[in-house]
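Subject: Structure handover

Hello,

Here is the structure I said I would pass on. My notes on it follow below.

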Amino acid sequence: MTMDAENRVEIQPLTHMEAFETLAGSRISMVLTDPALPDNPIVYVNRAFERVTGYNAQMAIGRNCRFLQGEGTDPDDVKRLREAIETQTECTVDLVNYRADGEPFTNRLMMAPIFFEDGSLRYFLGIQKPLAEVEDVLSPNAVRHAMREVQHRVKNHLSMIISLTRMYGRGAGAAQDQFQQLSRRIESLQVLYQELSNPERRRNMDTVSLGAYFSRLAAATQSLDGRPGLTVNVDVEDAEAESEAAIHMGMIVSEILTNALQHAFIGRETGRVDLRVQTLPGQSLRVTVADDGVGMPEGVTWPVSSSVGSSVIAGLIRQLNGTLDVKTGATGTVVTLDLSGVTLTA
Ligand SMILES: Cc1cc2nc3c(=O)[nH]c(=O)nc-3n(C[C@H](O)[C@H](O)[C@H](O)COP(=O)(O)O)c2cc1C
Ligand SMILES: Nc1ncnc2c1ncn2[C@@H]1O[C@H](COP(=O)(O)OP(=O)(O)OP(=O)(O)O)[C@@H](O)[C@H]1O
Ligand SMILES: [Mg+2]
């Protein structure tokens, strides 16, 4: 080896063939297709392609590369490839492909046309990089992390929706009340997400601790509709409920509690509301909301058919396989809800 005047190493250039053989032997998966043949079939695959896809050269040559695609492949990605081939331009896409044994992988495909010296099209080159090999995107840790991130965002988005609703509500004149009720309902959903994303929770993501959840819900409802002389007592037997059912129960309880705070103590300075949740033998749940207020107005058979609150309650009770019992009079109102469609875990 000698150095020339510019300090450059003098080398013996590789021939095209030697360079190609070197690349072909690398760990990078590659294919060549021939667009002059019908349906642009594969004419060459290297060893790395065989390793990545599980198909050997004999199985792959003569076929269009789309045989690697399947059910999970996004048609938009395929369309981008088709357009790049038509316009003889290069293109990179991450698309779902399937190995010979049926296992899916994300393939970062780089595809480029290769031209003759006269500028006419000769081959297409494709380089396949399986992404899951570099970072295991679906590890349990990554899933947990992603879940937390989603919950965090849902919480933030709910806060944003609540403040927007309030802002619009201020300028809404007669509709102001409805805006306020709407933001209250969104807020009770927010409480559930707070509970779901509570890092202290020992159990999995699918269940919610009813004790903690209903306590928060009662506190939130009270801070929205309560007055200084009104107390809310919460007595909830600790059980874990499946979170979907807990959302529904929470919405029902929030409506009934809100009713007590909004309607039961008209003209009164003080009052008391008891929220009680107990498990009954045989996997059902009893929710009782009792107030010592003025009772429902005469002639009102609650739940009514005309209000949002009653419609929410009636619809959700049906979903949870529940029954409703209402006792109301001069000493107050007691609403008892029995739910058998809730799965509890001890
Ligand atoms: C050189 C080259 C390599 C390709 N490699 C792949 C591949 O690894 N995986 C894949 O799903 N599609 C690959 N394709 C794309 C398909 O062969 C096909 O062009 C695409 O599905 C769009 O066309 P279609 O709509 O006719 O299927 C490659 C295409 C070329 C030209
Ligand atoms: N605990 C209660 N004490 C006294 N009256 C009640 C009580 N709960 C409900 N009511 C009466 O029943 C009516 C209907 O309640 P409902 O929740 O269906 O509608 P709303 O509270 O008036 O409106 P919305 O819930 O849609 O905001 C109330 O307007 C109120 O007169
Ligand atoms: Mg109501």
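Tyr55 is buried, with a relative accessible area of 14%. The model is a predicted one, so each value in this email is computed from predicted atoms.

The aromatic pair

Phe67 is buried as well, at a relative accessible area of 15%. Three aromatic pairs were counted in the model. In one of them, the ring centres of Tyr55 and Phe67 are 4.8 Å apart and the ring planes stand at 80°, which is over the 60 degrees needed, so this pair is edge-to-face. Tyr55 belongs to the loop between helix 2 (47-53) and helix 3 (57-60), while Phe67 belongs to the loop between helix 3 and helix 4; the pair therefore ties together parts that are 12 residues apart in sequence.

Phe67 has a further neighbour: the charged end of Arg63 sits over its ring, 4.1 Å from the centre. An arrangement of this kind also involves Arg122, whose charged end sits over the ring of Tyr123, 4.1 Å from the ring centre.

In what order do the strands of the open sheet lie? The order is 2-1-5-4-3, five strands in all, and the pairing is antiparallel. Strand 2 (42-45) and strand 3 (91-98) are at the edges and have a single partner strand each, so one side of each has no neighbour in the sheet. From one strand to the next, the twist averages 30°.

Helix 1 (residues 16-24) packs on this sheet and touches strand 1 and strand 2, with its direction at about 130° to that of strand 1. Helix 4 (residues 75-86) lies across strand 3, strand 4 (104-115) and strand 5, and runs at about 130° to strand 3.

Strand 1 in detail

Strand 1 (residues 29-33) runs antiparallel to strand 5 (residues 121-130), and five bridges join the two.

Is strand 1 enclosed or open to the outside? Five of its five residues are buried, so strand 1 is largely enclosed by the rest of the structure. Ser29, Val31 and Thr33 point one way from the strand, whereas Met30 and Leu32 point the other way, and all of these are buried.

Asp74

Asp74 lies in the loop between helix 3 and helix 4. Its relative accessible area is 34%, so Asp74 counts as partly exposed. The side chain of Asp74 reaches the backbone nitrogen of Asp76 at 2.9 Å. Asp74 and Asn97 are 23 residues apart in sequence, and their C-alpha atoms are 10.0 Å apart in space.

Backbone points to look at

Most residues other than glycine have a negative phi, and most peptide bonds are trans. The places below depart from that pattern, which is why I list them.

- Gln88 has a positive phi, near 50°, and is not a glycine. Gln88 is in the loop between helix 4 and strand 3, and at 34% relative accessibility it counts as partly exposed.
- Asn321, also not a glycine, has a positive phi of about 60°. Asn321 is in the loop between helix 9 and strand 11 (322-329). With a relative accessible area of 53%, Asn321 is exposed.
- Trp302 and Pro303 are joined by a cis peptide bond, with omega at about 0°. Pro303 is in the loop between strand 10 (284-291) and helix 9 (308-319).

Regards

Technical notes
Residues numbered from 1 in each chain as written. Chains lettered and ligands numbered in written order. Predicted model: local features only at pLDDT ≥ 70, side-chain atom pairs only at ≥ 80, totals over all residues. Heavy atoms only, no water. Pairing = 2+ DSSP bridges. Helix = DSSP H or I, 4+ residues; strand = E, 2+ residues; numbered from the N terminus. Axes fitted to C-alpha atoms, helices over the stretch in contact; angles between N-to-C directions. Contact = heavy atoms within 4.5 Å. Phe/Tyr/Trp six-rings, centres within 6.5 Å; stacked < 30°, edge-to-face > 60°. Buried < 20%, exposed > 50% of the residue type's maximum accessible area, 1.4 Å probe, protein only. Lys NZ or Arg CZ within 6 Å of the ring centre and 35° of its normal. Polar contact = N/O pair within 3.5 Å; in protein donor to acceptor, adjacent residues only side chain to side chain.
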